[in-house]
Amino acid sequence: MSDDAAFIPARDHSVRSVVSGCETCAHWTDVTLIGPCGADATGLPASLHCESCSAERPAHWPEHVDDMGHLDGCPLCDYHTLAIQKDFNARFGLAVVVITFGLLLFLQLPLAWTLAGLVAVALLDWALLRLVIKRLLICYRCKALFRGFLPGERCRPFDLATWEAHVPAGDD
Ligand SMILES: [Zn+2]
Ligand SMILES: [Zn+2]
(Lines give C-alpha, C1' and ligand atoms only; values in the text may rest on other atoms or scores of the structure.)
(Ligands and ions follow the chains in the order given, each with its own letter.)
Protein backbone atom coordinates (compact mmCIF):
# COMPACT_ATOMS: atom_id res chain seq x y z
CA MET A 1 0.00 0.00 0.00
CA SER A 2 1.23 3.50 -0.79
CA ASP A 3 1.24 6.35 1.71
CA ASP A 4 -1.92 7.70 0.13
CA ALA A 5 -3.73 4.45 0.73
CA ALA A 6 -2.84 4.65 4.42
CA PHE A 7 -4.88 7.84 4.68
CA ILE A 8 -8.09 6.22 3.58
CA PRO A 9 -10.18 5.39 6.62
CA ALA A 10 -11.36 1.79 6.86
CA ARG A 11 -14.86 2.76 7.90
CA ASP A 12 -17.90 2.48 5.73
CA HIS A 13 -21.36 3.95 6.01
CA SER A 14 -23.75 1.53 7.66
CA VAL A 15 -26.53 2.42 5.25
CA ARG A 16 -26.07 1.80 1.54
CA SER A 17 -26.84 4.57 -0.90
CA VAL A 18 -25.96 5.73 -4.38
CA VAL A 19 -25.81 9.19 -5.90
CA SER A 20 -26.02 9.02 -9.67
CA GLY A 21 -26.38 11.46 -12.53
CA CYS A 22 -29.30 11.16 -14.93
CA GLU A 23 -28.29 10.43 -18.52
CA THR A 24 -31.32 12.33 -19.80
CA CYS A 25 -31.51 15.51 -17.73
CA ALA A 26 -28.17 15.45 -15.82
CA HIS A 27 -29.96 15.77 -12.47
CA TRP A 28 -28.23 13.98 -9.57
CA THR A 29 -30.42 11.72 -7.48
CA ASP A 30 -29.45 10.33 -4.07
CA VAL A 31 -31.08 6.94 -3.45
CA THR A 32 -30.98 4.98 -0.20
CA LEU A 33 -30.65 1.28 -0.94
CA ILE A 34 -31.92 -1.77 0.85
CA GLY A 35 -29.59 -3.82 3.05
CA PRO A 36 -26.79 -2.78 5.44
CA CYS A 37 -23.11 -2.51 4.57
CA GLY A 38 -21.81 -6.04 4.03
CA ALA A 39 -25.03 -7.40 2.55
CA ASP A 40 -25.08 -8.95 -0.92
CA ALA A 41 -26.89 -7.66 -4.01
CA THR A 42 -30.26 -9.14 -2.99
CA GLY A 43 -33.01 -6.58 -3.25
CA LEU A 44 -30.97 -3.86 -4.93
CA PRO A 45 -33.02 -2.11 -7.62
CA ALA A 46 -32.53 -3.16 -11.25
CA SER A 47 -32.71 0.48 -12.24
CA LEU A 48 -32.41 3.89 -10.62
CA HIS A 49 -35.21 6.37 -11.01
CA CYS A 50 -34.42 10.02 -11.73
CA GLU A 51 -36.35 12.21 -9.29
CA SER A 52 -36.36 15.07 -11.78
CA CYS A 53 -37.41 13.59 -15.16
CA SER A 54 -38.37 10.04 -14.09
CA ALA A 55 -35.89 8.43 -16.49
CA GLU A 56 -34.78 4.94 -15.47
CA ARG A 57 -31.09 4.08 -15.46
CA PRO A 58 -30.25 0.35 -15.44
CA ALA A 59 -28.11 -0.77 -12.48
CA HIS A 60 -26.30 -4.10 -12.70
CA TRP A 61 -25.70 -4.82 -9.02
CA PRO A 62 -25.39 -8.64 -9.11
CA GLU A 63 -22.42 -8.41 -11.52
CA HIS A 64 -20.59 -6.01 -9.24
CA VAL A 65 -21.57 -6.77 -5.63
CA ASP A 66 -20.30 -10.00 -4.03
CA ASP A 67 -21.72 -12.00 -1.10
CA MET A 68 -19.71 -9.96 1.39
CA GLY A 69 -20.98 -6.64 0.08
CA HIS A 70 -17.82 -5.68 -1.82
CA LEU A 71 -18.45 -3.42 -4.77
CA ASP A 72 -16.10 -3.84 -7.72
CA GLY A 73 -16.63 -1.86 -10.89
CA CYS A 74 -19.54 0.46 -11.56
CA PRO A 75 -23.02 -1.11 -11.69
CA LEU A 76 -24.24 1.86 -13.72
CA CYS A 77 -21.67 2.28 -16.51
CA ASP A 78 -19.62 -0.92 -16.08
CA TYR A 79 -16.34 0.95 -15.68
CA HIS A 80 -13.87 -1.49 -14.06
CA THR A 81 -12.21 0.65 -11.40
CA LEU A 82 -13.81 2.62 -8.60
CA ALA A 83 -11.89 5.18 -6.56
CA ILE A 84 -11.88 4.99 -2.77
CA GLN A 85 -12.37 8.46 -1.35
CA LYS A 86 -12.71 10.03 2.05
CA ASP A 87 -16.31 11.06 2.60
CA PHE A 88 -15.22 14.33 4.06
CA ASN A 89 -16.74 17.76 4.06
CA ALA A 90 -13.70 19.89 3.13
CA ARG A 91 -15.40 23.09 4.29
CA PHE A 92 -15.90 21.62 7.75
CA GLY A 93 -12.22 20.68 7.99
CA LEU A 94 -11.14 24.12 6.85
CA ALA A 95 -13.51 25.79 9.31
CA VAL A 96 -11.99 23.83 12.20
CA VAL A 97 -8.48 24.92 11.24
CA VAL A 98 -9.43 28.56 10.62
CA ILE A 99 -11.44 28.90 13.82
CA THR A 100 -8.70 27.32 15.90
CA PHE A 101 -6.04 29.48 14.32
CA GLY A 102 -8.16 32.60 14.84
CA LEU A 103 -8.74 31.66 18.46
CA LEU A 104 -5.03 31.12 19.03
CA LEU A 105 -4.23 34.54 17.54
CA PHE A 106 -7.00 36.19 19.55
CA LEU A 107 -5.71 34.73 22.80
CA GLN A 108 -2.23 36.12 22.01
CA LEU A 109 -0.53 33.19 23.63
CA PRO A 110 3.22 32.76 23.61
CA LEU A 111 4.46 31.28 20.36
CA ALA A 112 5.11 27.90 21.97
CA TRP A 113 1.46 27.66 22.99
CA THR A 114 0.27 28.68 19.56
CA LEU A 115 2.43 25.99 18.00
CA ALA A 116 1.15 23.47 20.54
CA GLY A 117 -2.38 24.47 19.55
CA LEU A 118 -1.62 23.85 15.90
CA VAL A 119 -0.19 20.45 16.73
CA ALA A 120 -3.39 19.70 18.64
CA VAL A 121 -5.45 20.63 15.56
CA ALA A 122 -3.28 18.37 13.42
CA LEU A 123 -3.89 15.54 15.88
CA LEU A 124 -7.61 16.26 15.87
CA ASP A 125 -7.53 16.14 12.10
CA TRP A 126 -5.73 12.80 12.25
CA ALA A 127 -8.25 11.43 14.73
CA LEU A 128 -11.23 12.69 12.71
CA LEU A 129 -9.84 11.01 9.66
CA ARG A 130 -9.55 7.67 11.38
CA LEU A 131 -12.48 7.72 13.78
CA VAL A 132 -15.20 9.82 12.21
CA ILE A 133 -14.70 10.11 8.49
CA LYS A 134 -15.97 7.27 6.39
CA ARG A 135 -15.04 6.16 2.93
CA LEU A 136 -17.07 6.11 -0.22
CA LEU A 137 -16.51 4.74 -3.70
CA ILE A 138 -16.63 6.91 -6.81
CA CYS A 139 -16.88 5.80 -10.41
CA TYR A 140 -14.18 7.48 -12.50
CA ARG A 141 -16.32 7.43 -15.60
CA CYS A 142 -19.90 8.33 -14.63
CA LYS A 143 -18.93 9.94 -11.27
CA ALA A 144 -21.60 8.02 -9.36
CA LEU A 145 -21.00 7.84 -5.58
CA PHE A 146 -21.54 4.64 -3.63
CA ARG A 147 -21.77 4.64 0.14
CA GLY A 148 -22.04 1.62 2.43
CA PHE A 149 -20.23 -0.79 0.11
CA LEU A 150 -16.90 -2.41 0.95
CA PRO A 151 -14.23 -1.65 -1.66
CA GLY A 152 -13.65 -4.58 -3.97
CA GLU A 153 -10.28 -5.87 -5.20
CA ARG A 154 -9.98 -3.46 -8.10
CA CYS A 155 -10.90 -0.35 -6.12
CA ARG A 156 -7.98 2.04 -5.82
CA PRO A 157 -7.26 5.14 -3.75
CA PHE A 158 -8.45 8.23 -5.59
CA ASP A 159 -6.10 9.30 -8.38
CA LEU A 160 -6.55 12.80 -9.80
CA ALA A 161 -4.87 11.97 -13.13
CA THR A 162 -7.31 9.12 -13.77
CA TRP A 163 -10.20 11.33 -12.68
CA GLU A 164 -9.19 14.12 -15.08
CA ALA A 165 -8.69 11.62 -17.89
CA HIS A 166 -12.40 10.84 -17.61
CA VAL A 167 -13.79 14.36 -17.61
CA PRO A 168 -16.14 14.34 -20.58
CA ALA A 169 -15.08 16.56 -23.49
CA GLY A 170 -16.65 20.00 -23.32
CA ASP A 171 -17.28 19.71 -19.58
CA ASP A 172 -14.66 22.27 -18.66
ZN1 LIG B 1 -33.50 12.90 -15.22
ZN1 LIG C 1 -19.91 4.47 -13.57
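Buried here means under 20% relative accessible area, exposed means over 50%, and partly exposed is what lies in between (1.4 Å probe, protein chains only). Asp72, at 14% relative accessibility, therefore counts as buried.

A word on conventions before the points. This is a predicted model, in which local features need pLDDT of at least 70 and side-chain atom pairs count only at pLDDT 80 or more, while totals for chains, interfaces and linings use all residues. Residues are numbered from 1 along each chain as its sequence is written, chains are lettered from A and ligands numbered from 1 in the order in which they are written, and side-chain values use heavy atoms, with hydrogens and water left out.

1. Zinc site. The zinc ion (ligand 2) has Cys74, Cys77, Cys139 and Cys142 as its protein donors, each through SG, at 2.2 to 2.3 Å. Donors are N, O and S atoms within 2.8 Å of the metal (3.2 Å for Na, K and Ca), and sites may look incomplete because water is not among the atoms. The angles between the four donor atoms run from 101 to 118°, so the arrangement is tetrahedral (four donors, all angles between 85 and 135 degrees).

2. Spacing of the cysteines. Along the sequence the donors follow C-x2-C-x61-C-x2-C. Cys77, in the loop between β5 (70-71) and β6 (82-87), and Cys139, in strand β7 (residues 134-139), are 62 residues apart and link distant parts of the chain. Strands here are DSSP runs (E, at least two residues) and helices likewise (H or I, at least four), numbered from the N terminus. Both Cys77 and Cys139 are buried.

3. The sheet. Six strands make an open sheet in the order β2-β1-β8-β7-β6-β10, with mixed pairing. β2 (28-36) and β10 are at the edges with a single partner strand each, so one side of each has no neighbour in the sheet. Two strands pair if DSSP finds at least two bridges between them.

4. Around β6. β6 and β7 run antiparallel and are joined by six bridges, with Asp87 opposite Lys134 in β7. β6 and β10 (residues 156-157) run parallel, with two bridges, and Ile84 stands opposite Pro157 in β10.

5. Core. The largest nonpolar core has 25 residues, and Trp61, Cys74, Leu76, Phe146 and Phe149 have the most contacts inside it. A core of this kind is a set of buried Ala, Val, Leu, Ile, Met, Phe, Trp, Tyr and Cys residues joined through side-chain atoms within 4.5 Å. β6 gives the largest share of this core, three residues. Setting aside neighbours within four places in sequence, Phe149 is in contact (heavy atoms within 4.5 Å) with residues including Asp12, Leu33, Trp61 and Leu137.

6. Salt bridges. There are four in the structure, each a side-chain nitrogen of Lys or Arg within 4 Å of a carboxyl oxygen of Asp or Glu. Asp12 pairs with Arg135, with the closest N and O atoms 2.7 Å apart. That pair spans 123 residues, from the loop between α1 (3-6) and β1 (15-21) to strand β7, and Asp12 and Arg135 are both buried.

7. Two more pairs. Asp72 meets Arg154 at 3.6 Å, N to O; Arg154 is partly exposed at 42%. Asp87 and Arg147 form a salt bridge with closest N and O atoms 2.6 Å apart. Asp87 is partly exposed at 22%, while Arg147 counts as buried at 18%.

Note on methods. Tetrahedral: all angles 85-135°; square planar, octahedral: opposite > 155°, others 65-115°.
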